[in-house]
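My entries follow in the order in which I made them.

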Amino acid sequence: MLRLEKLVKTYKTGDQALKAVDLNVPEGQVMALIGPSGAGKSTLIRCINRLVEPTSGKVYLSNVELTGLSTGVLRRERRRMGMIFQEYALVERLTVMENVLSGRLGYVGFWRSFLRKFPQSDINAAFGLLEKVGLDTMVNKRADELSGGQRQRVGIARALIQKPDILLVDEPTASLDPKTSRQIMRLITELCEENQLAAIINIHDVALAQMYAERIVGLREGIIVYDGSPDDLKPDILTEIYGKEDWTAVRKR
Ligand code: ADP
C-alpha cells in the first residue's frame, strides 16, 4: 500500500538523514519505527507526506507516486495520510469539536472553512469519533484546558476524520506518563484494526513498540538495520540498532 524506493534525504547542512531506504507497508499493518535520536525516524515520516522534501527516491501510496506530484495534487493526496504529532499541534483557543473538524479543512471549500461552517455529516462524524476516543463529554472544552493524554486523543480524532488510509504517527507518547502512553498506543492500534488502517509509529519506547506493533523496523544512521517481528527483537538486535549496552540488566547500583 505504501512503498518507499531508495529514499534519500540529505539536508542542506550535509546531514544524510536517510540513505536509500526501501520499505513496504501493506494495508492495515501497524508498524513501529525505532532507533536512536538522529537515526532519521522523523525525517522518514515527514518525507512520506513531503513535509520534508526527499532528495531522491520515490514514495508510492496505493500506486500513486507522491514524490512526482505538484503541490495542488499533493494536497489532495495528503488527505489519505493522517498525521499525529508528539506536540499535538492543536489550535489552543478552539474547542475540542472545532479542532477535530479542522481535520476536514482539506475537504470543505475555502469559504465554508473560513466561516467554520461544517456540514452536519461532518459534525456527526466528529461526535462519533470523540465518543470513540472517550472525549464525548468534552466537545466544548477549549484545547488549552485539556491534559496531555486528552490532547493526544483530540489529535487522533482529527487525523481519523480525514478518513485516511494510513496514519503517520511521530512520537505520540513522548510527553505522556507510562499509563497514558499505553492507553494512547492501545487506542491507536485498536482504531487501526477497526478501520483497516495502516500506521507507521515513530516511537522511542521499545517495550511499548513491542507491545502494540505487529512489525518493528529499526533505523540507524539512515539505514534499516532490523525489519521483523516484535518477538525477535533480542539484545543483539537492540545493540545493532542502538549500540552496545547490557539489555538484560534490570537494576543498576
Ligand atoms: P530522529 O527522528 O530519528 O531523531 P531525525 O530525522 O530528526 O532523526 O534526524 C536525522 C538526521 O538529520 C540527524 O542527523 C539530524 O541532525 C538531521 N536533521 C534533521 N532535521 C534537520 C534539518 N531541518 N536540517 C538539518 N539537519 C537535520
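I began with N49 and its partners: leaving aside neighbours within four places in sequence, I list L74, R78, M81, M83 and L168 as being in contact with N49, where contact means heavy atoms within 4.5 Å. N49 sits in the loop between α1 (41-48) and β4 (56-61); helices (H or I, at least four residues) and strands (E, at least two) are DSSP runs, numbered from the N terminus. N49 has a relative accessible area of 6% and is buried, a class that means under 20% relative accessible area, with exposed over 50% and partly exposed in between (1.4 Å probe, protein chains only).

I note for the record that this is a predicted model, in which local features need pLDDT of at least 70 and side-chain atom pairs count only at pLDDT 80 or more, while totals for chains, interfaces and linings use all residues. Residues are numbered from 1 along each chain as its sequence is written, and side-chain values use heavy atoms, with hydrogens and water left out.

Next I went to the nonpolar cores, each a set of buried Ala, Val, Leu, Ile, Met, Phe, Trp, Tyr and Cys residues joined through side-chain atoms within 4.5 Å. The largest has 49 residues, and L130, I156, L167 and L233 have the most contacts inside it. Helix α7 (residues 178-195) gives the most to this core, with 6 residues. Apart from this core lies another, of 29 residues, which includes V52, L61, L74 and L168. For L167 I looked up the contacts, not counting residues up to four places away in sequence, and found G82, I84, A159, L160, I188, C192, L197, A198, A199 and I200.

Which atoms lie 2.8 Å from an oxygen atom of the ligand? I find a polar side-chain atom of K41 at that distance, and a backbone N or O atom of S42. A backbone N or O atom of G38 lies 2.7 Å from an oxygen atom of the ligand. The protein covers 62% of the 560 Å² of accessible area that the ligand has on its own, computed by the Shrake-Rupley method with a 1.4 Å probe.

K6, in strand β1 (residues 2-10), has a positive phi near 45 degrees without being a glycine, and K6 is exposed, with a relative accessible area of 51%. A20, in strand β2 (residues 16-25), is not a glycine either, yet has a positive phi of about 55 degrees, and A20 is partly exposed at 39% relative accessible area.

Last, I looked at R142, in the loop between α5 (120-132) and α6 (148-160), which counts as partly exposed at 36% relative accessibility.

Terms used
Polar contact = N/O pair within 3.5 Å; in protein donor to acceptor, adjacent residues only side chain to side chain.
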